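Me: I have a model open and would like to know what lies behind the terms used to describe it. Could you go through it with me?

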Amino acid sequence: MTVPPARGILAYRNEAIGALLWALGLALPAVLDSSWVAVAAIFAIYAITALSEDVILGRGGMFDMGHAVYFGIGAYVTAILNTEFGWPIFATLPFAILAAAAVGALLAAPLIRLRGDYLLVATIGFNAIFVLAMQNNLAGITGGSDGLTGLDVPVLFGLPLESQSAMFWLDWVALGIVMVLMRNLDRCEFGRTLRYLKQDELAATTLGVDARAAKTLAFAVGAGLAGLAGTLFAVQLSTVSPTSFVFTESVTLFAIVIVGGKGSVPGVLLGTALMFVVPQFFRQFATYRYFAFGFAMIAVMVLRPQGLWPRRIQNE
Amino acid sequence: MSALLELRSVGISFGGLRAVDQLSFSVAEGQIVGLIGPNGAGKTTVFNLITGVYRPTNGEILWQGSRITGLRPHRVAALGIRRTFQTIRLFAEMSVFENVRAGCHLGVRQHWWQGVLQLPAQRREEAELAERTHAVLRRLQLETHANDLAVSLPYGLQRRVELARTLVGEPKLVILDEPAAGLNDAESEALNETILGVRASGITVLLVEHDMNVVMKVSDHIVVLNFGRLIAEGDAVAIRDNSAVIEAYLGREDEEAAA
């Protein structure tokens, strides 16, 4: 079985198609009404979150079933700094990213040695604690079950991003940046180290890989990106409440990576589209739309366990 | 010659089983040392103790004179010790090239953010890593398989890929766990050449091997274990004539011959 050299025409073709689709996406506000532009914006935000889960789950092979926590931390940091302290939205962004990354690293550090299934249960525990803490108005600044409302409109270089289209473009540009970062992850030692650990931890450590450090970093990076998405989410809804970050959200993010294709950017984007965009077309069926969705997940796992668009094996 | 690696009264117990007991031997720089013994004698356990996979219950392991007992595996690797595994452990979803490049990990200087941003210094280093990897692939005649999925290769080639992965990191000592297992005669003959070539490039070799043909031909020094204890050591001739060894290990072949 020979693997085609990855830096061949094929690799560049896929990247070119990705870049083209992204550029075409910029024109979505011209062809969609504003409620669909909002769907597209939410898609971009969830796509970033799912890609951030992919760093930990897809590339690192660590069963993180509490990823909504980091997404939530980003959203809450932005909401709190903006509504309680009056910070401009963009000033909150670095803090949202750093706070989520720090929590990711801190939670991960003691858990990193747990085997897959134990890690999974532990991260579910963190998710439950996070939601309860937010609901119970932790430190009097999270707004309890209702959350926080009335976030300001983000202002970029003196330009308020008021319209849904402007906010969509913000999210779309952020998604484009994250897609490039994820592609680069495949071409550097950090990204490869995660794959070594995922495929054979013992072999990796005897080659000098510091498993604890690499896995903690993966959690920090994945959580930080989720924090970025959290800020965008808070801005899009202009409100933040605990229900957006419950355990089932984490399950969905987990499922997107598995169904779409672990470690594959197009796979994760496809998974996100199936999970968040397709259900929008079936709104009239109300909750039954998730019924079909459940069957689709089962079908993919049985018929195509490697995911819809699996990762290609690469060389250089 | 100075001792590169030294074990002093090293022992480990698993539950009530004393897998390795009071084991002392040393590996001199530039030698090929063979570790032999019947099945279950504790040979692989010794390798796991040296490489930090297991922590010894008692005793000391010295590397160039300083204690390394209980260091975690990645720290042991950083000293310049690399190993292969009895059951080949290649990265299953990676090509031969990628598997071998993994052995460069410790020499990599780039920071994660340099990689994620694809900064020029990082890209230069990537080119260097590829070059180093290809050089080792050429040396071990694996170049034509560079883009093959490593685990799809025949057994003998997989062993060679694993060896290439240890050599690309420019180690001081390589530990080979049954490198001839599953090889045919021609392949094991080629392996002898490869092992001698490794030593000729200045790397010390410690190997566990069942294939007497390999051990006797390449080893400068042989250490014989039985039930976790050292029962003899010396060169090939001394070991061949040692009555304790014949009884414990080679004796089986005598019985077969007699039968």
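**From the interface to the core**

Reply: Gladly! This is a predicted model. The contact takes 28 residues from chain A and 34 residues from chain B. On the side of chain A that touches chain B, α7 (164–185), α8 (189–199) and α9 (201–206) each supply at least two residues. The largest share, six residues, is that of α8(A).

Me: How do you know that the span of helix α3 (residues 34–59) of chain A agrees with its number of residues?

Reply: At 1.5 Å a residue, its 26 residues should span 38 Å, and the end C-alpha atoms are 35 Å apart, so the two agree. There is also a kink of about 35 degrees in α3(A), centred on A:Glu53. Just after this helix, A:Gly61 has a positive phi of about 70 degrees.

Me: Why is α3(A) called largely enclosed by the rest of the structure?

Reply: A buried residue has 20 or more other C-beta atoms within 10 Å of its own. In α3(A), 21 of the 26 residues are buried, so the helix counts as largely enclosed.

Me: Which residues have the most contacts inside the largest nonpolar core?

Reply: They are A:Ala44, A:Ile48 and A:Ala100, in a core of 164 residues.

Key. Residues are numbered from 1 along each chain as its sequence is written. Chains are lettered from A and ligands numbered from 1 in the order in which they are written. This is a predicted model: local features need pLDDT of at least 70, side-chain atom pairs count only at pLDDT 80 or more; totals for chains, interfaces and linings use all residues. A nonpolar core is a set of buried Ala, Val, Leu, Ile, Met, Phe, Trp, Tyr and Cys residues joined through C-beta atoms within 7 Å. A residue is buried if 20 or more other C-beta atoms lie within 10 Å of its own, exposed if 12 or fewer, and partly exposed in between; C-beta atoms are placed from the backbone. Helices (H or I, at least four residues) and strands (E, at least two) are DSSP runs, numbered from the N terminus. The expected span of a helix is 1.5 Å times one less than its number of residues. The bend at a residue is the angle between axes fitted to the seven residues ending there and the seven starting there. Two residues are in contact if their C-beta atoms, placed from the backbone, lie within 7 Å.
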